[in-house]
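The following exercises concern a predicted model.

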Amino acid sequence: MSKREDLAAQATDYALDHGLIGLSLRPLAAELGTSDRMLIYHFGSKDALVADVLAVSCDLSVRTVRELPPSPSVRQAVIDLWEAWETPQLLRCQRLYVEAAALGLFGKEPYATSVRATNDVWLAEIVAHLERSGAGDQSERLATLVDAAFNGILLDRPLEGDQESRKIVEDLADALA
């Protein structure tokens, strides 16, 4: 692993704990045992560092889905994806994604570009899981619906609670089956 990759992994851990909004290089560098100048040296800019953090976070999310065994049905695949989504690591990554997506909505870079890039990687892995689980030609469309619904549930969860979220996922799974 290169120094940049090592720093990106550590910076991702930091961002997963502290978020991206208000991210400052000095506290980040202090946490990583380096200086803000060394971070700029390795990444070229704060934007490049943030882009790498989002890519590493996406890779962690994708790995979680990739490790899922095929589900016996599309319905069960949706539920299995939700259960993976609810794991602490993936949930932290998704919260970071939502934060970046919100900033990207306002055209802020590198968020807008990074979110577009990570969307493609993330959706491809959801498609792959649905294909392994028998969704066939519908996998791409179903993946888009699952991703949109899960993101909506994540945003509403503080209002709805875990039981209501689970019921929504089960209704979605029934509808998509």
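**Exercise 1: Cysteines**

The structure holds zero disulfides. Determine how far the sulfur of C58 lies from the nearest cysteine sulfur, and state whether C58 and C93 are buried or exposed.

*Solution.* 
Step 1. The cysteine sulfur nearest to that of C58 belongs to C93, at 8.7 Å.
Step 2. A disulfide requires two cysteine sulfur atoms within 2.5 Å. C58 is therefore in no disulfide, and C93 is in none either.
Step 3. A residue is buried when its relative accessible area is under 20%. C58 has a relative accessibility of 8%, so C58 counts as buried. C93, with a relative accessible area of 2%, is buried as well.

**Exercise 2: Two packed helices**

Describe how helix α1 and helix α6 pack, and which residues meet.

*Solution.* 
Step 1. Two packed helices are described by the angle between their axes and the distance between the axes.
Step 2. For α1 (residues 3-18) and α6 (residues 88-105), the angle is about 80 degrees and the axes are 9 Å apart. Angles of 65 to 115 degrees count as roughly perpendicular, so α1 is roughly perpendicular to α6.
Step 3. From α1, D13, A15, L16 and D17 meet Q89, R92, C93 and L96 of α6. Among the residues of this contact, four are nonpolar, one is polar and three are charged.

**Exercise 3: The nonpolar core**

Identify which members of the largest nonpolar core touch the most other members.

*Solution.* 
Step 1. This core has 57 residues, and L20, L28, L39 and F150 touch the most other members.
Step 2. Helix α4 (residues 46-66) supplies the largest share of the core, nine residues.
Step 3. Beyond its neighbours within four places in sequence, L28 is in contact with A11, Y14, L23, L39 and L49.

Definitions and conventions:
Residues are numbered from 1 along each chain as its sequence is written. This is a predicted model: local features need pLDDT of at least 70, side-chain atom pairs count only at pLDDT 80 or more; totals for chains, interfaces and linings use all residues. Side-chain values use heavy atoms; hydrogens and water are left out. A nonpolar core is a set of buried Ala, Val, Leu, Ile, Met, Phe, Trp, Tyr and Cys residues joined through side-chain atoms within 4.5 Å. Buried means under 20% relative accessible area, exposed over 50%, partly exposed in between (1.4 Å probe, protein chains only). Helices (H or I, at least four residues) and strands (E, at least two) are DSSP runs, numbered from the N terminus. Contact means heavy atoms within 4.5 Å. Axes are lines fitted to C-alpha atoms, for helices over the stretch in contact, and angles run from 0 to 180 degrees between N-to-C directions. Angles under 35 degrees count as roughly parallel, over 145 as roughly antiparallel, 65 to 115 as roughly perpendicular and the rest as oblique. Ala, Val, Leu, Ile, Met, Phe, Trp, Tyr, Cys and Pro count as nonpolar, Asp, Glu, Lys and Arg as charged, and the others, Gly among them, as polar.
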